[in-house]
Amino acid sequence: MEAVLPYGFPTRRVVLAAIKHESHTFNRYPTTLDLFRRQGYHRGDDVMLAFRDTGLEMAGFLATAERFGWWTRTPISASATSGGRVSAAAMRDFLTVLGDGIRAAMPLDGVLLALHGAMAAEGDDDADGTILAMVRAIVGPAVPIAVTFDLHANVSDRTATLADIIVSYRTNPHIDHVPTAVVAAELLGRAMAGGPRPRSVVARAPTIVAFDRGRTHTGHGPMIDALAEARRIEREDPSIWSVSLNSGFSHADVWQAGPSVTVSGTAAPARLQEVADRLMAEGFRRRREETIRLATVPEAIAALREGRPGAPVIVAGYTDAPGGGAYGDATVLLRAMIEAGLTNAAFGAIWDPPTAAQAAAAGVGARIAVRLGGWIDPAFSGAPIEAEAEVMRLSDGRYVHEGPYAPGTVGSFGASAVLRIAGIDVIVATENKNILDQQQFKIYGLDPARQAAVGLKCMHGFRAAFEPVAAKVVSCDAGGLTTYDYTRLPFRAIRRPIWPLDAVE
Ligand SMILES: [Zn+2]
């Protein structure tokens with residue numbers, strides 16, 4: 001239907017919402033509503049105020065809606081760092097707030113949702129699909145729904161059936177939240193204009209790994225090639241609206257975990273499926289091709305020794321990445337840096353709330369005996385570091401991204417401290433956060449560019465902000481829950497057979 005503005009222009013009524021979580025189902029801590037509230041939870045007009053002109057999807061939704069003159073409502077935006085399954089209570093809250101918001105905004109012409117695509121809740125292996133099913137049940141079959149996904153989405157069949165339009169990120173590190181949202185919003189506008197109705201299909205292959213794990217920062221490899229092919233198909237066939245390559249999220253024991261290709265458009269379903277199947281088959285064929293090899297800890301230390309103040313070597317502890325759902329308390333890399341006697345060195349961050357509180361109680365300048373990190377599951381994270389530390393700085397841990405990764409994002413380590421252990425300044429945090437922006441060091445007076453050696457916890461996201469100031473960047477396997485050794489993870493629900501757990505050709 002067309003609402004009519006007082007000055008006579010027809011407009012469209014659209015609900016914009018975001019509910020994003022990447023759920024590491026082997027992480028034993030549920031991601032609670034309280035955690036979402038601390039990290040990113042807004043309702044109603046507050047969503048608009050919080051995200052307008054930021055680097056996140058909602059900003060792209062809002063800007064496009066404004067450009068097209070849509071009437072909008074923004075019932076909810078909820079996101080939290082990757083972690084254990086979303087609690088049942090949080091999931092209930094999301095469904096209630098979004099459902100009520102949509103009902104209050106009816107009648108609608110369209111719905112725009114920013115999801116992660118790899119959200120699992122307690123008792124629900126396909127939380128994104130559950131959200132879509134509820135939205136579809138409320139708005140009915142005729143109203144188009146467009147969805148954005150992280151390219152680490154694990155897309156279920158139900159999701160593909162329910163979403164008319166799917167658009168995933170095309171960069172990793174993900175620096176295209178806004179362009180992705182703009183594409184999805186423009187395609188929704190196209191669907192709302194009438195004509196043939198778009199639909200989505202999904203293709204999967206029997207593998208946990210493909211498309212170079214979604215890497216684009218190396219500038220070559222299976223993901224880069226697949227993205228080029230996807231753009232070519234979209235250009236040449238106007239009935240194919242969006243081709244998305246999802247490398248998937250492998251640390252989730254759910255049936256649909258792993259890579260997928262989704263294709264949305266008005267072409268015949270068989271044609272859509274043929275495109276998805278073909279791209280997925282190529283991804284499967286090249287599944288062993290990876291553009292990054294993880295260094296061992298000794299290799300990482302050898303690289304760090306080459307760093308000089310002003311020309312730092314940066315080592316990412318890839319396998320204890322909070323952004324991938326790891327605990328962020330792993331000590332293996334930090335211990336090796338301490339034992340190597342590195343100086344002019346910084347490390348961010350160790351998730352250890354008790355030690356952060358201990359430092360705050362002791363005060364700046366105090367020397368304290370700490371038992372740092374390794375407090376959740378030493379089998380993955382390594383034993384705690386027992387050392388004497390000087391409290392260099394205390395902070396409320398709040399920062400605002402200033403680099404290319406989601407600029408404007410507000411985050412917080414919570415009550416936090418910098419502890420100097422031997423020659424290394426270590427950020428000790430109350431909130432478990434991925435390192436994505438230099439501000440996460442700078443708020444503590446630590447300038448990564450002026451260090452000789454920097455250790456941090458992240459997979460890819462840090463590269464956009466840190467590569468420009470680094471003499472060298474190395475990714476390292478230093479233990480942790482985001483390991484690629486899948487035999488260490490007790491998969492039960494994922495579909496079988498699946499490579500590399502099973503021999504599949
Ligand atoms: Zn991702």
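1. Ala 422 is exposed, with a relative accessible area of 55%. Here buried means under 20% relative accessible area, exposed over 50%, and partly exposed in between (1.4 Å probe, protein chains only). Helices (H or I, at least four residues) and strands (E, at least two) are DSSP runs, numbered from the N terminus.

2. Before you go on, please note that this is a predicted model, in which local features need pLDDT of at least 70, side-chain atom pairs count only at pLDDT 80 or more, and totals for chains, interfaces and linings use all residues. Residues are numbered from 1 along each chain as its sequence is written, and side-chain values use heavy atoms, with hydrogens and water left out.

3. Now compare Ala 406, found in the loop between strand S17 (398-400) and strand S18 (410-412). Phi of Ala 406 is near 45 degrees, again positive in a residue other than glycine. Ala 406 is buried, with a relative accessible area of 3%. Such spots deserve a look because most residues other than glycine have a negative phi, and most peptide bonds are trans.

4. On to the peptide bonds. Met 106 and Pro 107 are joined by a cis peptide bond, with omega about 0 degrees. Pro 107 belongs to the loop between helix H4 (88-105) and strand S7 (110-115). The bond from Gly 348 to Ala 349 is also cis, its omega near -10 degrees, and Ala 349 lies in strand S14 (residues 345-351).

5. Next, a helix pair. Helix H10 (residues 297-304) packs with helix H11 (residues 332-339) at an angle of about 50 degrees, their axes 10 Å apart. That makes H10 oblique to H11. In H10, Val 297, Ile 301 and Leu 304 meet Val 332, Ala 336 and Met 337 of H11. By class, this contact of H10 with H11 has 6 nonpolar, no polar and no charged residues. For these terms, axes are lines fitted to C-alpha atoms (for helices over the stretch in contact), and angles run from 0 to 180 degrees between N-to-C directions. Under 35 degrees is roughly parallel, over 145 roughly antiparallel, 65 to 115 roughly perpendicular and the rest oblique. Contact means heavy atoms within 4.5 Å. Ala, Val, Leu, Ile, Met, Phe, Trp, Tyr, Cys and Pro count as nonpolar, Asp, Glu, Lys and Arg as charged, and the others, Gly among them, as polar.

6. Finally, the whole: the protein has 15 helices and 22 strands, and 65% of its 505 residues count as buried.
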